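Please read the points below beside the sequence and the model. They cover a ligand site and then the packing of some helices.

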Amino acid sequence: MKNTILEAKNLCKSFANEGTQVHVLNNVDLKIYEEDFTIVMGASGSGKSTLLYNISGMDKPSEGEVIFDETDITKLSEKKLAKIRAFSFGFVFQQIHLVNNLTLLENTLVPGYMDKTKTKQQVKERADKLFEMMDLTEAKDRLPAQVSGGEAQRAAIARAVINEPKLLFADEPTGALNRSNTGKVLDLMTGLNREGQSILMVTHDIKAALRANRLVYIEDGKIGGEMELKPFYELDKADKTALKDREAQVNSWLSSMNW
Ligand SMILES: Nc1ncnc2c1ncn2[C@@H]1O[C@H](COP(=O)(O)OP(=O)(O)O)[C@@H](O)[C@H]1O
Ligand SMILES: [Mg+2]
């Protein structure tokens, strides 16, 4: 039995739009399990980002609960919620948010130093290890403007996991990257997952979806179905057939979901 990290119950989100209510999330029930790489797949406009924001405490749902650590985080004060976002959750977005006048390494160290349970030396060591894993050791002292989009996104991922979050949230993290940088970022997420990092990612990219061991389909703000796969890191990299099979399996599931 897998442990549940996060559970959304009857999650609803509507927006007022010129006097009418637009229901973007409709009664979403979703459990996220420890050590899973869960990917929510759905067409553009299906409500993926809205789900991610409302399940992660970045936005307040109109109805429903999000249980984390036996607490309904939708009812927490902004201060308590901010603490959870800073130390228990990590975030990566399509648009890369780095502080422009800090180097890549400094961007990662700043949130790391906010964790008072660790010494600066411990934070520095974890950052160095992450930068090595991200293949960013040479770029670490450059400013975000002096590196490629792929390098900047990898630094943003390092920053997102510096505090060892219980759950890493990612919203189309490869959406603005070219093919080779997309591959590197996905490899990195897979590597983090292999080391036990739980991930909840939303995407509409099939290549990215292959990385999941659990795929969830969203359509018109409702969960349409889900599928289990073996962890991506268990595939033999040299075995091209295994990858093709996985792609066929995901494609056939997507067609059954009306993709
Ligand atoms: N702040 C908002 N106000 C009104 N409508 C919104 C808002 N945010 C999202 N929506 C609408 O909700 C729907 C789903 O949006 P979104 O969650 O961004 O989809 P996705 O990430 O799957 O592309 C879209 O139709 C979008 O226009
Ligand atoms: Mg989106």
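This is a predicted model: local features need pLDDT of at least 70, side-chain atom pairs count only at pLDDT 80 or more; totals for chains, interfaces and linings use all residues.

1. Residues are numbered from 1 along each chain as its sequence is written, chains are lettered from A and ligands numbered from 1 in the order written, and side-chain values use heavy atoms, with hydrogens and water left out.

2. The shell around ligand 1 consists of Phe15, Val24, Ala43, Ser44, Gly45, Ser46, Gly47, Lys48, Ser49 and Thr50 (a residue counts if one of its heavy atoms lies within 4 Å). By class the shell has 3 nonpolar, 6 polar and 1 charged residues; Ala, Val, Leu, Ile, Met, Phe, Trp, Tyr, Cys and Pro count as nonpolar, Asp, Glu, Lys and Arg as charged, and the others, Gly among them, as polar. Helix 1 (residues 48–55) supplies the largest share, 3 residues; helices are DSSP runs of H or I with at least four residues, numbered from the N terminus.

3. The side chain of Thr50 places an N or O atom 2.5 Å from a ligand 1 oxygen, and for the side chain of Lys48 the distance is 2.9 Å. At Ser46 a backbone N or O atom is involved, at 3.2 Å. The protein buries 57% of the 560 Å² that ligand 1 exposes when taken alone (Shrake-Rupley method, 1.4 Å probe).

4. Helix 3 (residues 104–113) and helix 5 (residues 149–161) have axes that come within 8 Å and cross at roughly 20°; axes are lines fitted to C-alpha atoms over the stretch in contact, with angles from 0 to 180 degrees between N-to-C directions. Helix 3 is therefore roughly parallel to helix 5 (angles under 35 degrees).

5. The axes of helix 5 and helix 6 (residues 179–194) come within 9 Å, crossing at roughly 15°. This makes helix 5 roughly parallel to helix 6.

6. Helix 3 and helix 4 (residues 120–133) have axes within 10 Å that cross at roughly 140°.

Note on methods
A polar contact is a pair of N or O atoms within 3.5 Å; within protein, one must be able to donate a hydrogen and the other to accept it, and residues adjacent in sequence count only if both atoms are side-chain atoms. Helices (H or I, at least four residues) and strands (E, at least two) are DSSP runs, numbered from the N terminus. Angles under 35 degrees count as roughly parallel, over 145 as roughly antiparallel, 65 to 115 as roughly perpendicular and the rest as oblique.
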